Amino acid sequence: MSTRSIRDLDLKGRRVFIRVDFNVPIKNGVIGDDTRIRESLPTIRYALDAGAKAVVLASHLGRPKGKPNPEMSLKPVAARLGELLGTPVAFAGECIGAEAEGAVQSAPPGGVVLLENLRFHPEEENNDPAFAKSLASLADLYVNDAFGAAHRAHASVEAIVRGVGGAAAGLLMEKELKYLGAALDTPDRPFVAILGGAKVSDKIDVIVNLIPRVDRLIIGGAMAYTFFKALGKPVGRSLVEADKVDEARDILARAKERGLQLLLPVDHVVAAKIEAGVPAETLDVDSPAIGERMGLDIGPKTVAAYATALRDAKTVVWNGPMGVFEIDAFAKGTIGVATAVAAVKGTTIVGGGDSIAAVHKAGIADRITHISTGGGASLEFLGGQKLPGVEVLPRA
Ligand code: ADP
Ligand code: MG
């Protein structure tokens with residue numbers, strides 16, 4: 001059964017509290033990338049169009065550690081949101097108490113109020129019931145649209161739901177659950193997962209959870225070297241997590257048992273340093289010529305093999321770049337795989353901050369079915385863990 005959606009709530013004449021993810025970069029009061037603000041617009045507009053009496057928005061920003069910190073104020077976000085919505089957004093300098101209540105009470109019909117950073121209060125991260133109740137008292141209904149915060153049992157995400165008259169997922173949250181949920185439970189096949197990035201340890205749960213579900217598992221990036229170590233291949237000074245070699249060996253055994261195609265790089269680009277302009281060489285992964293150098297990208301034979309493995313895919317989940325894509329000399333593997341993912345005729349899902357940056361760098365972001373915004377939350381979800389902020393919401 002799916003999670004109840006904002007579309008199942010009667011919002012007319014009600015005050016709606018929407019937990020959003022406005023955790024955007026702000027420097028000297030100026031907002032950098034405003035993607036997260038833009039992504040909340042459909043849910044806010046939906047509530048206003050459905051006749052909500054007022055929309056009360058709340059978010060965290062940065063890590064103020066339970067104390068007010070002007071550098072992490074959400075005030076600049078209220079102004080930016082107002083521009084994007086084309087309607088003024090009132091800002092309450094406190095998220096609970098008289099100031100918050102006053103701002104909500106004095107909002108005009110169909111008004112929008114943004115509350116100050118929830119994490120200025122330690123009670124937020126402690127999932128404090130009294131604090132959650134104060135937040136809940138600001139509105140009649142609760143909507144969670146902050147997928148990126150759903151893996152945390154925080155007051156505005158978890159405890160608050162027990163104090164409201166009705167609760168549901170927002171449109172962004174609904175979309176995340178739809179795509180990630182379908183990939184895990186009812187994927188069109190072949191289902192291919194691509195895992196890369198810096199560390200096996202970040203993604204081991206995801207690999208283990210995906211083994212029984214996928215038809216092919218593609219591994220690249222630094223994490224491949226822990227697998228190579230397990231296989232006794234020369235790794236030079238590549239990033240290897242010595243304490244994960246046994247787990248990598250275990251994953252290889254499980255994949256074999258399941259008859260799963262687990263693809264590892266066959267060639268790679270090696271260099272002495274992670275630096276633009278250093279001499280680089282492409283070698284087969286079995287070649288001892290790596291010496292004391294590091295593997296920093298997958299090679300062209302690997303890109304070709306991975307593109308072949310993706311050709312007939314109907315579902316693709318990708319998390320983690322294939323190399324140090326930030327440096328052009330080591331970005332070809334990631335860009336090659338991105339191009340192959342973009343060509344897939346099926347559902348493609350990309351998650352992870354660096355992976356999203358990589359698909360933008362490759363210029364194919366608009367050809368991905370779903371770009372998952374919640375880094376940690378999407379990894380926990382794909383790793384088979386229940387998200388507290390989702391579990392607490394009623395079923396449809
Ligand atoms: P995501 O943010 O998409 O989840 P990660 O944070 O796990 O991805 O990994 C991205 C980082 O991994 C990038 O900074 C990239 O440079 C690094 N990386 C990828 N391959 C290698 C490699 N072979 N050696 C060192 N670093 C690598
Ligand atoms: Mg990252």
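A polar contact of 2.9 Å joins the side chains of H121 and E94, a polar contact being a pair of N or O atoms within 3.5 Å, of which, within protein, one must be able to donate a hydrogen and the other to accept it, residues adjacent in sequence counting only if both atoms are side-chain atoms. The structure is a predicted model, in which local features need pLDDT of at least 70 and side-chain atom pairs count only at pLDDT 80 or more, whereas totals for chains, interfaces and linings use all residues. Residues are numbered from 1 along each chain as its sequence is written, chains are lettered from A and ligands numbered from 1 in the order in which they are written, and side-chain values use heavy atoms, with hydrogens and water left out. H121 lies in the loop between β6 (111-115) and α4 (122-125), helices (H or I, at least four residues) and strands (E, at least two) being DSSP runs numbered from the N terminus. Because its relative accessibility is 16%, H121 counts as buried (under 20% relative accessible area, with exposed meaning over 50% and partly exposed in between; 1.4 Å probe, protein chains only).

Around ligand 1 there are 18 residues, the closest being K203, G295, E326, D354 and S355, where a residue is included if one of its heavy atoms lies within 4 Å. An oxygen atom of ligand 1 lies 2.8 Å from a polar side-chain atom of K203, and an oxygen atom of the ligand is 2.4 Å from an N or O atom in the side chain of S355. For A222, a backbone N or O atom is 3.2 Å from a nitrogen atom of ligand 1. Of the 580 Å² of accessible area that ligand 1 has on its own, the protein covers 85% (Shrake-Rupley method, 1.4 Å probe). Two or more residues of the shell come from each of β14 (294-298) and α12 (353-361), and α12 gives the most, with three residues.

Helix α3 (residues 97-105) has A100, A103 and V104 as its buried residues. Seen down the axis of α3, these fall within an arc of 100 degrees (taken from the directions from the helix axis to the C-beta atoms), so they line one face of the helix. On the other side of α3, A98 and Q105 are exposed.

In helix α8 (residues 224-230), Y225 and F228 are three residues apart and thus separated by about one helical turn. Both Y225 and F228 are buried.
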